[in-house]
Amino acid sequence: MFGLTVITRQEPPKWGSCLIFPAALALSLGVSCLLLAAQGKPALGGLIILFQGAFGASYAVVDTLLKTVPIFLCSLGVAVAFRMQVWNIGAEGQFALGAVGSTWAALTFPGLPAWLLLPLMFTSSAVLGGLWAMIPAWLKLKLSINEIVTTLMLNYIGILILDYLVYGPWKDPSSYGFPMTKEFPAAAIIPTFADSRLHWGMVLCVVCALLLWVFLTRTRLGYELKASGESLRAARYARMPHGFLVLLVMGLCGALAGWAGLMEASAVVGRLQPSLIVGYGYTAIVVAWLAQLNPGKIALASFFLAALRVGVENLQLELGVPAAFGGIIEGLILLSVLAGQFFNHYRFKRSAS
Amino acid sequence: MMTEMLIPLLTAAVQSGTPILFATLGEMFTERAGVLNLGVEGMMIVGALAAFLVSLATGNPWLGVLAAGCAAAALGALHGLVCLSFLGNQVVSGLALTILGVGLANYLGTPYIGKQAPGFYAFDLPFLSTLPFVGKIFFKHDALVYLSYVMPLAFWFFWHRTRTGLALTAAGEYPPAASAAGLNPVRLRWLGILGGGFLVGIGGAYLSLAYTHLWTNGMTAGRGWIAVALVIFAFWRPGRAVFGAYLFGGVMAFQLRLQASGTQVPSSFLLMLPYGLTIAALLFSALRGRGGSSSSAPAALGVNIEPEQ
């Protein structure tokens with residue numbers, strides 16, 4: 001094509017990630033600006049409003065940090081699964097089930113002290129989210145059913161379960177017909193730092209990431225997990241417990257996404273309601289891939305996409321841009337990064353002819 | 001008495017199965033060329049919006065259908081660019097396409113929510129519609145449904161009896177063999193993506209121009225994903241796709257009727273039916289597939305064509 005042939009690189013170039021990502025970002029934001037202009041909105045002005053919204057004030061940065069928490073937790077699990085070539089796109093549903101699990105504990109045992117109730121909530125949301133994720137894992141292992149479709153279908157079903165509960169049995173009778181549960185008892189709220197809105201869930205994020213890092217790099221099981229992602233056949237030959245690993249990884253994914261749901265319900269909103277579901281589970285996929293499935297980079301990428309969400313909220317407020325605008329930017333970034341990674345593995349050479 | 005209740009339900013099953021049928025055949029077309037495109041949901045909803053906007057502007061729903069096909073194929077071209085030209089991961093690229101497509105349609109469509117556009121209306125096919133039972137179920141629909149009856153046969157003929165169809169299958173089964181035979185597998189895969197995308201777009205057009213005549217955000221409601229599952233359920237064969245699509249259409253129609261009848265069953269549970277059925281359908285085909293023939297998926301599905309050294 002165009003007198004060029006594609007050559008496979010022996011190793012990725014040094015400039016790889018520091019050039020590909022900014023280029024992809026510039027391209028995506030450029031196209032998004034054109035879309036703003038297409039609806040008669042100021043293109044460059046929109047971009048400025050987006051950045052101001054995300055970084056312009058201290059409360060904006062706090063907003064971004066708050067949104068980083070659920071995206072980071074979901075993405076951590078997704079990245080480990082993707083490493084094993086298990087395509088879990090069900091973080092959204094696992095998030096919903098986790099929120100449901102924690103709400104069950106908070107509403108059933110409102111009298112418990114916080115030191116008992118919070119651990120109970122963490123357990124119930126991890127169990128529910130984890131089990132939800134293990135259904136597709138089990139189906140994949142036993143019947144080799146494609147996990148992409150099943151995890152996605154379980155997203156729809158999980159969100160409908162949440163809907164059923166808040167419209168039905170768990171609905172607060174004094175909510176004037178709004179679909180929401182009663183407010184959580186004070187003991188079920190994750191405490192915040194001093195008088196900021198930042199909560200202790202952020203510390204949990206750091207702990208989870210460290211534990212995961214230790215697990216992946218310092219334990220036998222973690223090593224087997226990585227190996228089994230790189231070559232399934234070699235892993236089988238070495239008698240690694242592939243089936244067990246898939247179940248474990250999916251359970252882990254579900255538990256982490258479930259905790260993300262718990263934090264949104266407990267620390268951010270203080271009750272269960274349908275508006276908790278805003279697509280963090282899908283953003284997590286974008287984040288995992290941007291970070292090249294690397295736990296350290298996930299923190300950075302989560303913060304970045306959280307900032308994007310906050311920025312888009314500001315655009316919504318200032319220019320009346322629909323919330324769907326964020327999806328456009330996310331999709332474009334992911335597509336252009338995917339295309340850009342080509343240059344990590346290949347290069348062009350002028351054909352001899 | 002029984003038939004009196006059954007006929008309206010089956011008629012509705014055909015109607016709500018038609019967009020799924022178009023999308024399933026489109027994805028099947030792409031997958032048989034060896035490309036896994038998980039962007040169906042995004043392409044379908046972009047098609048639905050393009051159809052709506054063009055029909056609203058021109059007053060001609062057929063132009064709307066054309067626009068839907070082109071818009072969905074154009075979105076699919078991004079998948080082609082990422083996977084065929086830049087050798088990106090097909091699973092992730094498809095997901096990105098869905099995120100982008102849903103965002104794009106909801107962003108551009110928001111000003112049009114609730115507006116009406118000229119669309120397709122049912123008319124009786126002469127003679128055929130007078131047939132007992134079958135006539136009422138199959139031959140009192142709109143033009144797009146009639147078009148969908150021809151598609152599976154046309155595809156069967158295309159895949160098994162034409163040179164291009166066979167070449168396309170080769171690109172999906174074993175690209176090196178296609179190369180050796182003097183074919184260009186990359187170009188064939190482009191054909192698979194664009195052609196399949198066009199059909200997926202028509203499925204979207206059916207939703208906004210025939211199933212309803214108005215625009216609502218998120219109107220595909222997972223139908224694109226159901227289509228991805230149905231391709232597996234149908235073992236990549238067009239005939240079984242028809243059966244699968246009408247089965248889903250039937251469940252959706254049944255669910256709507258039950259809701260309208262004021263049943264005690266909470267609507268959330270009724271809305272779960274198609275999604276639960278999707279998992280059940282995959283379960284069914286997995287159990288069936290284990291007994292007999294080995295996997296009927298194209299052998300090189302989802303595997304990129306690496307450059308020659």
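How many residues does the contact take from chain A and from chain B? I looked this up in the model, which is predicted. The contact takes 39 residues from chain A and 42 residues from chain B.

**Entry: the chain A side.** I listed the elements that give two or more residues to the side of chain A that touches chain B. They are strand S1 (4-8), helix H6 (147-167), helix H11 (280-290) and helix H13 (325-340) of chain A. H6(A) gives the most, with 11 residues. I then sorted the residues of this side by kind: 29 are nonpolar, 8 polar and 2 charged.

**Entry: chain B as a whole.** I counted 12 helices and 0 strands in chain B. I found that its C-alpha trace spans about 65 × 50 × 40 Å along the principal axes. A compact globule of 309 residues would have a radius of gyration near 19 Å, and chain B agrees because it has 19 Å. Of the 309 residues, 52% count as buried. I also checked contacts in chain B with a separation of 6 or more: residues 24 or more positions apart account for 79% of them.

**Entry: one helix pair in chain B.** I picked helix H2 (residues 40-58) and helix H4 (residues 90-109) of chain B, which pack at an angle of about 20 degrees, their axes 7 Å apart. That angle makes H2(B) roughly parallel to H4(B). The crossing of H2(B) past H4(B) is left-handed. Among the residues that meet, I noted B:Ile45, B:Val46 and B:Leu49 in H2(B), and B:Leu97, B:Leu104 and B:Leu108 in H4(B). The residues of this contact divide into 11 nonpolar, 4 polar and 1 charged.

Notes. Residues numbered from 1 in each chain as written. Chains lettered and ligands numbered in written order. Predicted model: local features only at pLDDT ≥ 70, side-chain atom pairs only at ≥ 80, totals over all residues. Axes fitted to C-alpha atoms, helices over the stretch in contact; angles between N-to-C directions. Helix = DSSP H or I, 4+ residues; strand = E, 2+ residues; numbered from the N terminus. Parallel < 35°, antiparallel > 145°, perpendicular 65-115°, else oblique. Left-handed = near helix turned anticlockwise from the far one by under 90°. Contact = placed C-beta atoms within 7 Å. Nonpolar A, V, L, I, M, F, W, Y, C, P; charged D, E, K, R; others polar. Rg over C-alpha atoms; globule rule 2.2 N^0.38 Å. Buried ≥ 20, exposed ≤ 12 C-beta atoms within 10 Å, placed from the backbone.
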